[in-house]
Every structure is written in structure tokens, then in C-alpha cells.
Amino acid sequence: MSEAAVAEKDLGNTAYKQKNFESAHSHYDRAIELDPTNITFYNNKAAVFLEEKKYEDCVKFCEKAIEVGRETRADYKLIAKAMSRAGNAFQKQGDLKTALQWFQKSLSEYRDPELVKKVKEQEKQIKEAERLAYINPDIAQEEKNKGNDYFKKGDYPTAMKHYNEAVKRDPENAILYSNRAACLTKLMEFQRALEDCDTCIKKDPKFIKGYIRKGACLAAMHEWSKAQRAYEDALNVDPNNEEARDGVRTCLRSNDEDPEKAKERSLADPEVQEILRDPGMRMILEQMSNDPGAVREHLKNPEIFQKLMKLRDAGVIQMR
């Protein structure tokens, strides 16, 4: 390595740190003239271009650095640095996919732990950007209508394909989860149907069909007590809803299970057991038994609310 070239590189580094980029370029160019086989000089010029936001020039010198590095069998870490810097240039331009490709190339040369984290974050960003770009409520409505047509014809698998696409196109639309839940119930995919009902209710607690379809799904599973509670939740939204009233009546007629046996069966549920073992929940339940009005305060906490609802559905506690 030429001592004169190294001296020019050092002067370039000093100028770079002082953000005197014109002078830095001049010294790095001189270093390259003196020793055109040193990958570091090209890497350093690329770093200056990156700071100057001259991204095309940055990538150009990164590529030159890689070429020189390959020819001279340079340290793989230096080659990896050039690839990573090219990725940074594309990232700065908003071209996340090309940036990711460069980062992955860099990791194939040297697995830098910090870059590994960066790549994982980049992959998440790309995935989320693709998801958001895919959202289109108009197409979602078209897919929902197609799903409804096939549902009416009794072609539930084809209806499902369209409902799935509708949900992807408009994932915040509660109605779409309700429609898909109805289809899943017909396909006897009860657990998935319940998940869609719960998602529907979470996204729009006032959308009554979410509760009614949850009740229908649970009734199909002969979970009469839980189905009854779902219909009762519907009546809390609309006390005059006939479908919900009919659902409650059907559950009352059909539920011939002894209440104590039902409670015993529910207590065997591992999730219920875990809630009851939680010291914090035991304290809350004791407080509620001494002061029924305390429940209102606890319902404000989403996590506690979900646990209390689970205990209510299991018949462990009663709530109105």
C-alpha cells in the first residue's frame, strides 16, 4: 500500500469529518490515482456521495469498490461494507426492495449483527407497505358481492375465496368478517368462524350481526350457554332484535345440560384455569363479590375485560 496514498486518504477522512466534502473528494481521488487497487478509497468516496445525497454516484462507487475488492481479494468485510452502503443509498431514495437486496448481499459476505436487525426491520416495512398498498375498499365491495352470490348458491368454498380477498382489501371493515364467519360456519370451520365474529365485534361493537353470527356458530357447536350469551349481547345493542330474541329462546329450549355440569366442564378449560390461578384476577374477583359496582372500573382495562368475559362465558361469574 502506497504511503502517499494512505496520507491522502487520511486527509480525506479529516475533511469528511469536518463535512468539507469537496476537499474530501479531492484527497480520495488523489489516493485512487496513487493506488487504484485499494477498495477503501472507493468506499470512502461512496460515503461522501451518500452524505451529499448524490445517491447514484454513491452506488456507482460502491459497485466500483466491489469490483476492485473482488479483483484484489480484499477483506470480505470491506466488500460487505460497500454493498451495505449501496443499500443505504437506495433506502434513502425510498427504494426499499432494492435496498433490501443489497443488504442481503452484504450479509452473504459478512453477517454484521446490526445489519441483520436492519434487514428484519426492512422486511417488516416492505411487508406492511405491500399490505397497505393492497387495500382498496371498492375492490373489497366487489369481492364481497361475488362472495354473497356464491354463498346464496351454496358454493361456500368459492364464496370463501372472495370473502378472503375482500378482507385483505379492506381489513378494517367489520362487515366482511361477519360475512366470512357465516361462510365458515356453513363449512363447519367453527373455531375460525368464532375468531372472525370476535374480530367483527372488536372492530364495530355496535354491529349486531357480529353477535348474532357468533351465537349461530356456538349454537351449531351445541355450546348453548355461550350462544345464549352472544344473543344477549346482541340484545344489549338492540333490545328489539327478533333474530337475537329467537336465538335466546332456541338456546333456552335446547340447553338441557345441568348448570353445575356445564360449569364443571367450563372450569376444565385451561384458559379459565389460568385466569383463576392469577393472583391479580383472584383479588379482582374478591373485590367484585364485596362491591358489585367495582366491575365498572375493571372493565375499562381491555386485558381484564377479556378475562372477565371469558369467566362470564364459562359460567364462573355473572355479569350484566
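Analyst: Glu-242 is partly exposed, with a relative accessible area of 42%; the classes used here are buried for under 20% relative accessible area, exposed for over 50%, and partly exposed in between, with a 1.4 Å probe and protein chains only. The model is a predicted one, in which local features need pLDDT of at least 70 and side-chain atom pairs count only at pLDDT 80 or more, while totals for chains, interfaces and linings use all residues. Residues are numbered from 1 along each chain as its sequence is written, and side-chain values use heavy atoms, with hydrogens and water left out.

Glu-242 forms a salt bridge with Arg-245, and the closest N and O atoms of the pair are 3.3 Å apart. A salt bridge here is a side-chain nitrogen of Lys or Arg within 4 Å of a carboxyl oxygen of Asp or Glu. Both partners lie in helix 14 (residues 242–254), 3 residues apart, which is about one turn of the helix. Helices are DSSP runs of H or I with at least four residues, strands are runs of E with at least two, and both are numbered from the N terminus. Arg-245, at 31% relative accessibility, counts as partly exposed. The pair belongs to a network of salt bridges that links Glu-242, Arg-245, Asp-246 and Arg-249.

Over the whole structure, a search finds 18 salt bridges. One of them joins the side chains of Lys-203 and Glu-172, at 3.2 Å from N to O. This pair links distant parts of the chain: Lys-203 is in helix 11 (residues 190–203), whereas Glu-172 is in the loop between helix 9 (156–169) and helix 10 (174–186), and the two are 31 residues apart. Lys-203 is partly exposed, with a relative accessible area of 32%, and Glu-172 is exposed, at 57%.

Arg-180 and Asp-196 also meet through their side chains in a salt bridge, at 2.6 Å from N to O. Arg-180 lies in helix 10 and Asp-196 in helix 11, so this pair ties together parts that are 16 residues apart in sequence. Arg-180 is buried, with a relative accessible area of 15%. Asp-196 is buried too, with a relative accessible area of 6%.

Next come the records for the chain. UniProt positions are given in the numbering used here, feature names are shortened, and annotations may be inferred rather than shown by experiment. In the model, residues 5–38 are 79% helix and 0% strand, with the end C-alpha atoms 9 Å apart. Residues 140–173 are 82% helix and 0% strand, and their end C-alpha atoms lie 9 Å apart. UniProt also lists residues 269–308 as "domain: STI1" (unreviewed entry). That span is 78% helix and 0% strand, and its end C-alpha atoms are 14 Å apart.

The domain assignment gives domain 1 (3–116) and domain 2 (266–319); such bounds come from an automatic or database domain assignment. The centres of the two domains, taken over C-alpha atoms, are separated by 60 Å.

Ser-84 is placed in helix 5 (residues 76–92). With 16% relative accessibility, Ser-84 counts as buried. Leaving aside neighbours within four places in sequence, Ser-84 is in contact (heavy atoms within 4.5 Å) with Phe-103, Ser-106 and Leu-115. Gln-141 is found in helix 8 (residues 137–153) and, at 37% relative accessibility, counts as partly exposed.

Two loop residues have backbone angles to note. Most residues other than glycine have a negative phi. Lys-19 is not a glycine, yet has a positive phi of about 60°. Its place is in the loop between helix 1 (3–17) and helix 2 (21–34), and at 56% relative accessibility Lys-19 counts as exposed. His-222 has a positive phi near 60°. This histidine, His-222, lies in the loop between helix 12 (208–220) and helix 13 (224–237), and counts as exposed at 57% relative accessibility.
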